[in-house]
Amino acid sequence: MARVGLTTQRLVRAGAELADEIGFEQVTASELARRFDVKVASLYSHVKNSQDLKTRISLFALEELADRAADAVAGRAGKDALVAFANVYRDYGREHPGRAAAARMRLDPETAAAGAGVRHAQMTRAILRGYDLAEPDATHAVRLLGSVFHGYAGLEVAGGFSHSAPDSQETWTRILDALDALLRNWPTEPTP
């Protein structure tokens with residue numbers, strides 16, 4: 001019988017908090033059970049195993065991040081939307097490093113298609129419509145933005161920019177200016 005008070009939602013939220021504390025890769029059903037002072041078997045009526053727990057944390061993080069991004073870009077267009085969207089990713093990565101790592105977890109195609117990752121792609125493509133990019137350039141741009149947003153936040157959280165000037169915020173602002181300029185002047189032909 002499951003311990004009173006344990007629900008899948010409660011375990012996933014606690015797992016996300018744990019990921020922020022100790023790192024997403026360190027999250028296991030055993031570690032989570034210790035947090036609740038229960039035996040690991042008590043969790044198995046809610047999650048199948050550690051991999052299932054991590055998948056659920058990933059889906060939770062993607063949903064949470066998509067909700068924040070949707071709120072941030074509502075009513076915005078062009079560079080204003082790009083900057084708002086980018087800042088959500090950066091802020092989320094700084095506030096919730098474990099969850100941000102979870103949001104990058106590779107999911108099987110069926111799980112990914114049912115998760116909020118689809119919303120992220122849709123929002124990114126909506127922002128890119130303001131830059132008038134046709135396919136396959138729109139897909140290239142989606143990948144570029146995801147790489148920059150996740151990569152910068154990850155490096156910043158790891159302290160990669162804390163040892164030198166200029167200030168990380170100044171660099172971030174310049175990067176967003178450069179992305180906007182690139183998207184407005186996207187190369188029409190690939191460089192050989």
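Predicted model: local features only at pLDDT ≥ 70, side-chain atom pairs only at ≥ 80, totals over all residues.
Visitor: What does the C-alpha trace span along its principal axes?
Guide: The trace belongs to a protein with nine helices. Along the principal axes, its span is about 60 × 40 × 35 Å.

Visitor: At what angle do α3 and α4 pack?
Guide: Two packed helices are described by the angle between their axes and the distance between the axes. Helix α3 covers residues 50-73, and helix α4 covers residues 78-95. Their axes lie 9 Å apart, and the angle is about 145°.

Visitor: Is the crossing of α3 and α4 left-handed or right-handed?
Guide: Take the two helices as a pair, with axes 9 Å apart. Their crossing is right-handed.

Visitor: Which residues of α4 make the contact with α3, and how many residues of each class does that contact have?
Guide: From α3 come A61, E64, L65, R68, A69, A72 and V73. From α4 come A81, A84, F85, V88, Y89, Y92 and E95. By class, the contact has 11 nonpolar, no polar and three charged residues.

Visitor: Is α1 roughly parallel or roughly perpendicular to α3?
Guide: Helix α1 spans residues 8-22 and packs against α3 with the axes 9 Å apart. The angle is about 80°. Angles of 65 to 115 degrees count as roughly perpendicular. Therefore α1 is, relative to α3, roughly perpendicular.

Visitor: Which residues of α3 meet α1?
Guide: On the α1 side are T8, L11, V12, R13, G15 and A16. The contact divides into six nonpolar, two polar and three charged residues. The α3 residues are L53, R56, I57, F60 and E64.

Visitor: How much space lies in the largest pocket?
Guide: Rolling a probe the size of a water molecule over the atoms shows where empty space is left. Here the largest pocket is lined by 21 residues. Its space is about 500 Å³.

Visitor: Which residues lie nearest the centre of the largest pocket?
Guide: The lining has 12 nonpolar, five polar and four charged residues. Nearest the centre of the pocket lie L62, A103, G117, H120 and H150.

Visitor: Which helix supplies the largest share of the lining of the largest pocket?
Guide: α3, α4, α7 (117-129) and α8 (137-157) each supply at least two residues. The largest share is six residues, and it comes from α8.

How values were computed
Residues numbered from 1 in each chain as written. Heavy atoms only, no water. Axes fitted to C-alpha atoms, helices over the stretch in contact; angles between N-to-C directions. Helix = DSSP H or I, 4+ residues; strand = E, 2+ residues; numbered from the N terminus. Left-handed = near helix turned anticlockwise from the far one by under 90°. Contact = heavy atoms within 4.5 Å. Nonpolar A, V, L, I, M, F, W, Y, C, P; charged D, E, K, R; others polar. Parallel < 35°, antiparallel > 145°, perpendicular 65-115°, else oblique. 1 Å grid on protein atoms, 1.4 Å probe; cavity = no way out; pocket = protein on both sides within 12 Å on 5 of 7 lines; lining within 4 Å. Points joined across faces, edges and corners; volume = space filled by probe spheres on them.
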